[in-house]
Amino acid sequence: MAGTPHGWTPEVFRVAARTAGFDMDASQDAAAARLVRLGDEISRRRPLFGRSAPRGVYIWGPVGRGKSWLADTFYAAVPVAGKRRTHFHEFFREFHRRYAAHRHEKHAGDRAVRELLGDCRLVCFDEFHVHDPGDATIMARVVHSLLGQRITLVATSNYPPTGLLPNPLFHHLVEPLAATLHRSLDIVEVAGPRDYRRARRPGTPAAEFERGGYLWPGTGDQLARAGLVSPAPAEQQRVRLGARAVTARAVRGDAVWFDFADLCDGPYSTIDYLSLADRFRDWTLSGLPPLSTTGRDAAQRFANLVDVLCDRDRRLHLVAAVPRTVCLTGDRLPPDIQRTASRLALLPEIGTAPAAVADQ
Ligand SMILES: Nc1ncnc2c1ncn2[C@@H]1O[C@H](COP(=O)(O)OP(=O)(O)OP(=O)(O)O)[C@@H](O)[C@H]1O
Ligand SMILES: [Mg+2]
């Protein structure tokens, strides 16, 4: 693709890839070309009354194919003053709250969006998915209001719009949202040859998340090897979460140690995990059982927690009862368990018999 007057060429992405130590694959090249076009359109555009926003892009594909990397690279480079990258569920909850406050007004959705985003022209949502049937209608409203305010959307997802809310009992509820996404965004599949998280290139610097570890069963020797010191009973304390609190086994500066039962088997949401991730940089979660033996909600919360900590690049040590592959295998696991597996594969495993449990 030729260059543009605003300097938006595929070089923006190629240089970022080279700096990160890899080359883009063919499907990333195609997505990058589409984002280059958007970057060019959006950087020329002056908001004029009645003018529609440049058409956004919905990037979807299997885990670890470099979708978030593409969206982040685009976001970092695009020269637009009013831009926002946000965790979709954080935005969604806040929208819901404000929408409810204005629900008797005629344009409640638009007002909620204006309150949340002000003059924003571009919003990037990572990890766009719908699993709760109750969320489908309100998510359609969020997207509708954003588009109505002439805000351009860039989203990444593991699902094509028509594959959102895969549960066949409820899938019909998401059809209006899927139709809006199809009508308003370009849908681009990024499905390179492999999960790049599972093939770390030697010499590339480890992210903070990867400096953690997966320990099982968590013997004293294993903890010592990971540099972890078991909390004394007296270190237990309650960590505030707005009007509520959650029990931590220890808080040491910006390091925190939770038990799975306290953090994932309680009534905590992704928003709570986001606020804890803002507060603590170094995490240990002990007592992780095989997920097939926990309640479905606890397993889903654990998956959400891993998403948040990986996305915010927080160091994570997991102390588990069983090897990683066993922990994540079984019936009735969360629908996005592959995302969790891909992220946990980044953690070095400290186990009793590492050779026997190498990742498959
Ligand atoms: N072409 C590539 N070759 C090697 N590594 C890559 C390539 N593209 C991206 N990566 C790296 O692969 C890792 C995973 O990328 P990313 O988080 O963007 O995946 P994703 O598609 O968003 O995955 P998920 O669906 O699980 O969220 C990142 O460390 C990223 O820098
Ligand atoms: Mg991603």
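Author: Let us begin with the surroundings of the ligand. Helix H3 (67-77) and helix H13 (337-344) each supply at least two residues of the shell around ligand 1; helices (H or I, at least four residues) and strands (E, at least two) are DSSP runs numbered from the N terminus. This is a predicted model, in which local features need pLDDT of at least 70 and side-chain atom pairs count only at pLDDT 80 or more, while totals for chains, interfaces and linings use all residues. Residues are numbered from 1 along each chain as its sequence is written, and chains are lettered from A and ligands numbered from 1 in the order in which they are written.

Reader: Which helix gives the largest share of the shell around ligand 1?

Author: The shell holds 18 residues, the closest being Phe-22, Gly-66, Ser-68, Trp-69 and Tyr-196; a residue is near a molecule if its C-beta atom, placed from the backbone, lies within 6 Å of it. The largest share is three residues, and their source is H3.

Reader: How do the residues of this shell divide into nonpolar, polar and charged?

Author: Ala, Val, Leu, Ile, Met, Phe, Trp, Tyr, Cys and Pro count as nonpolar, Asp, Glu, Lys and Arg as charged, and the others, Gly among them, as polar. By this division the shell around ligand 1 has six nonpolar, seven polar and five charged residues.

Reader: Which residues does Leu-177 touch?

Author: Two residues are in contact if their C-beta atoms, placed from the backbone, lie within 7 Å. Not counting residues up to four places away in sequence, Leu-177 touches Ala-136, Met-139, Ala-140, Val-143 and Leu-164.

Reader: In the sheet of five strands, which are the edge strands?

Author: This open sheet has the order S2-S3-S4-S1-S5 with parallel pairing, where two strands pair if DSSP finds at least two bridges between them. Within the sheet, strand S1 (residues 56-60) and S5 pair over five bridges. The strands that pair on one side only are S2 (83-87) and S5 (185-189).

Reader: What is the bridge partner of Asp-259 in S11?

Author: Another open sheet, of six strands, has the order S9-S10-S11-S12-S6-S13 and mixed pairing. Its strands S10 (residues 255-259) and S11 (residues 282-288) pair in the parallel sense over five bridges. In S11, the partner of Asp-259 is Ser-286.

Reader: Which residue in the turn between S7 and S8 has a positive phi?

Author: Strand S7 (residues 237-241) and strand S8 (residues 244-248) pair in the antiparallel sense over five bridges, and Leu-241 stands opposite Arg-244 in S8. The two strands form a hairpin with two residues between them, and the residue with a positive phi, of about 60°, is Gly-242.

Reader: Why does Gln-149 count as partly exposed?

Author: Gln-149 lies in the loop between H6 and strand S4 (152-157). A residue is buried if 20 or more other C-beta atoms lie within 10 Å of its own, exposed if 12 or fewer, and partly exposed in between, with C-beta atoms placed from the backbone. Gln-149 counts as partly exposed because its C-beta neighbours inside 10 Å number 17.
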